[in-house]
Amino acid sequence: MERQLKFIPVSVPFTECTSTVISGITDGGPNYCNDVGIINSKYHLNEPFHNNFVHFEIALSSGNKLIYCIDRLKKEPTGEIFKNGPFEEVFPEITENLRYALDWLLANTFPSVSAEKTFEIADVDALSKPVLDENDAYAMVQSAIWYLMGSINESSLIFINCKGTDPHLKSKRLAAGVLHLVYLAEKFGIIADTPVKPNPSPCGCHAIECCNINIVPQNPAEPYITLTNCPDEISYINGCLWVGPFILRSNVKGIPSVNATALCGNEKLFSVGFTDEYGEDIINPEIGKKFYLAIRADSCIICINLFISIQTNITKIIYLNNDDPELQRMGGIITEQPVYITSVSNICICVPLGLSQSKVCPVCKKRRKDRFCGDVYKYKNFRL
């Protein structure tokens, strides 16, 4: 039986970075208790050792990047060279569920998003006194990573004052935030690891055969662009077969490109343009807006391949290690990384028989707002 998941955590689009080699000197500063720059977050976890928070960074050509420690109980890096690698090589022992949970946590929390956004996702009140800041966001995410990895548990989530044994005034909110982040990450891990079968959406009519096997991924982090429907209108306007509407859907930003090519040997006298829902010419369709194909062809059966693409920037996850197996493995993100996303749909338009005996198979005409195609052909609406 397939798992039914009523709750799906939101996510920014992201992928793991495997094609680009990233390396740099990795180090941690003083811990929160000893860092003179940290004033209002002087605390550590309720653990006898390896209980401090440290801002780890990797030095890259673009500047220093905040990263997180994945292995709490190993040695901290102190200036060694770390480089990224495929997840399964850096963490061969980790399950796919946990892999996706870590991916989600790194992509959707500080510093990938702001500290304020992190507190919102974690469902904690950051503005109550004492106010939560970036140091608290980092500590909360670091604790959630260690919790997912099994190196701490709920009893560890008492944030102890550095000078004393009493809980810090921020402790309850931080602990609640950690547990909520863990809950979301684990939910996402299940979703991302649950295979989804394609669900084609054929029109099932005699005039348009639509082979649209594209789907919106169940995994909300998977970058996609796709047609969300099959067309159900066919008209003949100003010498063109007018088919639609189509709607592009995507979870990334950018300007899509749609390229239509003929299939089944219909290349002769074939051309395709795009219009909006009012019949006005457009260069390229926009995400979320209806568009139509304006087709010129010499065949009564017109099969078209729609190749859709978009180039955009998204967050990429990096996992880093050193040749020394005793050193902690690290994780982080790099933002504004270019990706190229594509999808393909096939549409066959069978011009309705009986509308014309002409060799060029003119079909119906249609009045559309103020557009009227004249009296050359017999007027008839045809809506599926």
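Author: Glu16 is a place to start: this residue is buried, with a relative accessible area of 18%. Keep in mind that this is a predicted model.

Reader: Which residue does Glu16 form a salt bridge with?

Author: Its partner is Arg99, and the closest N and O atoms are 2.7 Å apart. Glu16 lies in strand E1 and Arg99 in helix H2, so the pair ties together parts that are 83 residues apart in sequence.

Reader: Is Arg99 buried or exposed?

Author: Arg99 counts as buried, because its relative accessibility is 13% and the cut-off for buried is under 20%.

Reader: Which residues are linked with Glu16 and Arg99 in a network of salt bridges?

Author: Glu88 and Glu96 are linked with them in that network.

Reader: How many salt bridges does a search of the whole structure find?

Author: The search finds ten. One of them joins the side chains of Lys170 and Asp136, at 2.7 Å from N to O. Lys170 lies in the loop between strand E7 (160–161) and H5, and Asp136 lies in helix H4, so this pair ties together parts that are 34 residues apart in sequence.

Reader: And are those two buried or exposed?

Author: Lys170 is buried, with a relative accessible area of 0%. Asp136 is also buried, and its relative accessible area is 0%.

Reader: What about Lys117, which side chain does it meet in a salt bridge?

Author: Lys117 meets Glu120, with 3.5 Å from N to O. The two are three residues apart in helix H3, which means that about one helical turn separates them. Lys117 is partly exposed at a relative accessible area of 35%, while Glu120 is exposed at 54%.

Reader: Changing topic. How many cavities of 30 Å³ or more does the structure hold?

Author: It holds one. The largest cavity has a volume of about 30 Å³.

Reader: Which residues line the largest cavity?

Author: The lining consists of Leu66, Ile67, Tyr68, Leu106, Thr109, Phe110, Pro111, Gly331, Gly332 and Ile333. Strand E5 (63–69) and strand E17 (330–350) each supply at least two residues of that lining.

Reader: How does the lining of the largest cavity divide into nonpolar, polar and charged?

Author: Seven of its residues are nonpolar and three are polar, with no charged residues.

Reader: Phe110 and Pro111 again. What kind of peptide bond joins them?

Author: A cis bond, with omega about 5°. Pro111 lies in the loop between helix H2 (96–108) and helix H3 (115–121), and both Phe110 and Pro111 are among the residues that line the largest cavity.

Reader: What about the peptide bond from Lys129 to Pro130?

Author: That bond is cis too, with omega near -10°. Pro130 is found in the loop between H3 and helix H4 (134–149).

Reader: Staying with the backbone, what is phi of Asp123?

Author: Phi of Asp123 is near 60°, a positive value in a residue other than glycine. Asp123 is found in the loop between H3 and H4, and is exposed with a relative accessible area of 60%.

Reader: And His50, what is its phi?

Author: His50 has a positive phi of about 45°, although it is not a glycine. The residue sits in the loop between strand E3 (43–44) and strand E4 (56–60). His50 is partly exposed, with a relative accessible area of 35%.

Reader: How many residues line the largest pocket, and which lie nearest its centre?

Author: The pocket is lined by 24 residues, and Pro217, Gln218, Asn219, Glu222 and Pro223 lie nearest the centre. By class, the lining has 14 nonpolar, eight polar and two charged residues.

Definitions and conventions: Residues are numbered from 1 along each chain as its sequence is written. This is a predicted model: local features need pLDDT of at least 70, side-chain atom pairs count only at pLDDT 80 or more; totals for chains, interfaces and linings use all residues. Side-chain values use heavy atoms; hydrogens and water are left out. On a 1 Å grid over the protein atoms alone, a cavity is a set of points where a 1.4 Å probe fits but cannot get out, and a pocket is an open set with protein on both sides within 12 Å along at least five of seven lines; lining residues have an atom within 4 Å of a point. Grid points are joined across faces, edges and corners, and a volume is the space filled by probe spheres set on the points. Helices (H or I, at least four residues) and strands (E, at least two) are DSSP runs, numbered from the N terminus. Ala, Val, Leu, Ile, Met, Phe, Trp, Tyr, Cys and Pro count as nonpolar, Asp, Glu, Lys and Arg as charged, and the others, Gly among them, as polar. Buried means under 20% relative accessible area, exposed over 50%, partly exposed in between (1.4 Å probe, protein chains only). A salt bridge is a side-chain nitrogen of Lys or Arg within 4 Å of a carboxyl oxygen of Asp or Glu.
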